[in-house]
Amino acid sequence: MNAPQAPLDDARLSALREAVGAAHVLHGQQLDASLQARHLRDWRGRYQGQCLAIVSPGSTEETQHIVRLCAAWGWPIVPQGGNTSLVGGSVPDGSGQQVLLHLGRLNKVRHLDAHNFTLTVEAGCTLDHTRQHAADAGMLYPLSLASGGQCTIGGTLATNAGGTQVLRYGTARELCLGLEVVTASGACWSELSGLRKNNTGYDLRDLFIGSEGTLGIITAATLKLFPAPQGCGTALLSCPDAQSAVALLSLARQTLDAGLVAFEAIESQALQLVQQHLPHMARAWPSASATTGPASPWLILMEHQGPQDQTHIDDELGRLLAHAQAKGLLTEAIMAHTVAQRQAMWQLRESIPLAEKTEGLMVKHDIGLPTSAIASWLAQCGTALRARWPDCRIVCFGHLGDGNLHYNVQPPPTLRSGPPWARFESDVNDIVFDLVQAHGGTISAEHGIGALRREALAARAPAEALPLMRAIKQALDPACLLNPGRLLA
Ligand code: FAD
């Protein structure tokens, strides 16, 4: 049993202010509507928290200082980067007893080592800022998310984010060579060496990556850089069905190998939502219209990049598309010939989450499957859901190249609030997750567990996994002060 929490009195407030500066400790009446919307409500608007205070340290040392104070006073800490978590991992609970540790002021670029192809940045640097810094040096940091302007390097590592280029470059974990972490006791473990090989005991870096703020606070990271590609070919195409889309993926991988960087799927209902709510974002697919819909149920956004020049890359992509069309794997294809056309294609894909948010409540999933199982899973899952709720709407899109689908189910109008909604959500989750597990998949491919999938993880993780995870948590955070109530139930 934890000791009772000390109250936030004048002496403790002064100590916090001394540690980080008075402007960086916000509490009580200072937490106006705009701060609450920014820091205490999650991106999807599903979780609304309260907190003792929002504290924003400006350095690793200040972070250590704050963690030590919180540990001494028994104050739970919720680390927050850009607050773009899609599983309610980054906002405090409703108790008003947790400290929100906002890491946005840790935003310095520490070092770019061009010969080692590494970039060391602080945790609060946004993803887009980090990518731009690499680009300015003629290099590429390839992690790519639609939330890049807001999400931070610390958040992407704490969630092991995926995004649109995992097929070629891997997830945030595979792009990280070193970390600096403030532990639950306020110590600092730092290994920002940038080594590509280092077999000296347990891999602490990999333990902290994906731990969603429950094992330590990431304050800096050394990231892998790559040569910036010279040519980039992008195409938007339609496939007759999911089976053809998966066959096209295999063909593209065999033909383009590492040159295939993105293979994103947009099923017709996802396209229709963008057309309906954000029509200016849907211009890239001219044969579609709000009334007629697409010619085929699956759109694919494919990207081919490499060190060769643009003409070579376009030729390779064009040959692949012609071959695929001859095999009946696609019905229509458009290649981007200008930067603006390419951007329009990506806008269409990346505006789906916002279009869904505008549409309203849906039961959302972030599932992962072996790509070979996707077509069969989609058929079985669609049949099972429509048998139970003929009027439900299935909105599916995502990173088909990685076997990662966002599979979202909108309830019929009668089930959109109160107990019927809660029952619908739980029953849909059971159907989706049972079939995912039967097909050898995962219930969370890239968004993590947070608050949303805690119970599902507890119910569905392999029996041996949870005791091991709890033992790790106990060893690193015995008082359970770091992001309690997230990840582990
Ligand atoms: P937050 O949301 O602030 O926090 C996320 C989790 O990490 C929380 O548990 C928090 O406590 C913890 N945390 C944050 N910073 C630290 C730190 N420094 N140290 C320790 N713990 C920390 N995700 C994908 O994987 N792929 C996508 O394609 C993708 N697309 C998205 C598109 C949109 C429009 C949106 C809104 C979100 C998307 N996401 C995607 C989800 C989200 O952007 C990622 O999970 C991102 O990694 C979160 O970063 P953040 O800085 O916002 O972290």
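This is a predicted model: local features need pLDDT of at least 70, side-chain atom pairs count only at pLDDT 80 or more; totals for chains, interfaces and linings use all residues.
Two strands count as paired if DSSP finds at least two bridges between them, and helices (H or I, at least four residues) and strands (E, at least two) are DSSP runs numbered from the N terminus. Residues are numbered from 1 along each chain as its sequence is written, and side-chain values use heavy atoms, leaving out hydrogens and water.

**The sheet**

- Glu-122 has Ala-220 in S10 as its bridge partner.
- Strands S6 (residues 118-122) and S10 (residues 217-224) run antiparallel and are joined by five bridges.
- The open sheet has five strands, ordered S5-S6-S10-S8-S9, with antiparallel pairing.
- Strands S5 (109-113) and S9 (188-191) each have a single partner strand at the edges, so one side of each is left without a neighbour in the sheet.
- On average, neighbouring strands of this sheet are turned by 15° against each other, direction ignored.

**Helix H12**

- Ile-352, Ala-355 and Glu-356 are buried in helix H12 (residues 352-359); buried means under 20% relative accessible area with a 1.4 Å probe, protein chains only.
- These residues lie on the same side of H12, because they cover an arc of only 100° around the axis, taken from the directions from the helix axis to the C-beta atoms.
- Just after H12, Gly-360 has a positive phi of about 120°.

Technical notes. Buried means under 20% relative accessible area, exposed over 50%, partly exposed in between (1.4 Å probe, protein chains only). Axes are lines fitted to C-alpha atoms, for helices over the stretch in contact, and angles run from 0 to 180 degrees between N-to-C directions.
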